[in-house]
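Morning, everyone. Let me put the model up, and then we go through it.

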Amino acid sequence: MSATHEPVTPRDADALARLRLTGKVAIVTGGTRGIGFAAATTLARAGARVVISSRKAEHVAAAERALRADGLDVTGVVAHMGVMDDVRGLAAHTVEAYDGIDIIVNNAATNPVYGPLQQQDEAVFAKVMSVNVQGPLELCRTAHSVMQSRGGGAIVNISSVGGVSPEAGLGLYSVSKAALISLTKVMAQEWGADGIRANVVCPGLVRTRFSRVLLDDPLVATIADRQPIGRVGTPDDIAGLILFLASDASAFCTGGVYLADGGLLV
Ligand SMILES: NC(=O)c1ccc[n+]([C@@H]2O[C@H](COP(=O)([O-])OP(=O)(O)OC[C@H]3O[C@@H](n4cnc5c(N)ncnc54)[C@H](OP(=O)(O)O)[C@@H]3O)[C@@H](O)[C@H]2O)c1
């Protein structure tokens, strides 16, 4: 690869072409802020037509406006990932708007309780598992035949370092993120022959609204000081890896678990 001050050679241009998403249609759940918004921006700038979704109509409208103002081809859909009719509607809406689905980034997630397992009752379990695991499964299952008819596709599931190594206070959330990793591996096994790849991204601590409660915890806030890259991540730190896994640059990668955690789990 050329240093940035050298001209791009034809060979470099070929390598970069594999990151282009021209002609692809992508769904990014929870694409209205944080990591999802950064991912939607990056995928759309790489040439994809992108459907962003989240629960709140005002968030969807504002994000859609901001991305379109950037000249990007983006459509917003209101969909709660814990409501399976919404999830199936999101897939249907995407096909209606853009005539296909090639990429799914399952990014939306919930963590209603920060605290010990004793505070995390049956209702919390049901909510966390439906939004963080069942919704992503239902979206991918609904999109499967559409992707297959287009020769395949790429699924990028956003888990967490907590899915690999559970964090105190994030019990059921960590369980759901571990389940999402396992689900991704099953998708990779079952759908590889259909041309559909599935991979997982595990972010470490990233500054977003979601992590505000964690960053307010003095113990958690010191994590950044103890990891090799001594800072909290930004949504853009995660978006590049999502682009790689969504694109043909990762054509031989499936069932993989990729950390973007500042070296936290080293
Ligand atoms: N930030 C971190 O430190 C960190 C670390 C590890 C993993 N992660 C993972 O990264 C992903 C994105 O998190 P983030 O930090 O970017 O969060 P964020 O800034 O709070 O954004 C969350 C997005 O998801 C949407 N959303 C929330 N609940 C939803 C639901 N039930 N159905 C549909 N959309 C929903 C939100 O919009 P509405 O409010 O309009 O629904 C918003 O667009 C999550 O999977 C999270 O587990 C984050």
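I will take the helix packing, then the ligand.

First, the ground rules. This is a predicted model, where local features need pLDDT of at least 70, side-chain atom pairs count only at pLDDT 80 or more, and totals for chains, interfaces and linings use all residues. Numbering starts from 1 along each chain as its sequence is written, and side-chain values use heavy atoms, with hydrogens and water left out.

Helices here are DSSP runs of H or I with at least four residues, numbered from the N terminus. Axes are lines fitted to C-alpha atoms over the stretch in contact, and angles run from 0 to 180 degrees between N-to-C directions.

Start with α5, residues 122-149, and α7, residues 171-191. They pack at about 20°, axes 9 Å apart. That makes α5 roughly parallel to α7, a label for angles under 35 degrees. The crossing of α5 and α7 is right-handed, meaning that the near helix is turned clockwise from the far one by less than a right angle.

Who touches whom? Contact means heavy atoms within 4.5 Å. On α5, the residues include F125, M129, P136 and H144; on α7, they include Y173, L183 and W191. The contact of α5 with α7 divides into 15 nonpolar, three polar and one charged. Nonpolar is Ala, Val, Leu, Ile, Met, Phe, Trp, Tyr, Cys and Pro; charged is Asp, Glu, Lys and Arg; the others, Gly among them, are polar.

α5 also packs on α4, residues 84-98, at about 35° with axes 9 Å apart. That crossing is right-handed too. Among the α4 residues are M84, R88 and V95, meeting α5 residues including Q134, E138 and V146.

Next, α2, residues 34-45, and α11, residues 235-246. Their axes come within 8 Å and cross at roughly 50°. That makes α2 oblique to α11, the class left over once under 35, 65 to 115 and over 145 degrees are taken out.

Now the ligand. How many residues surround the ligand? There are 29, and the closest are T32, S54, N107, Y173 and T208. Surrounding residues have a heavy atom within 4 Å. Y173 also sits in the α5–α7 contact.

A polar side-chain atom of H59 is 2.7 Å from a ligand oxygen. For H80, a polar side-chain atom is 3.5 Å from a ligand nitrogen. G204 uses a backbone N or O atom, 3.5 Å from a ligand oxygen.

Terms used: Helices (H or I, at least four residues) and strands (E, at least two) are DSSP runs, numbered from the N terminus. A polar contact is a pair of N or O atoms within 3.5 Å; within protein, one must be able to donate a hydrogen and the other to accept it, and residues adjacent in sequence count only if both atoms are side-chain atoms.
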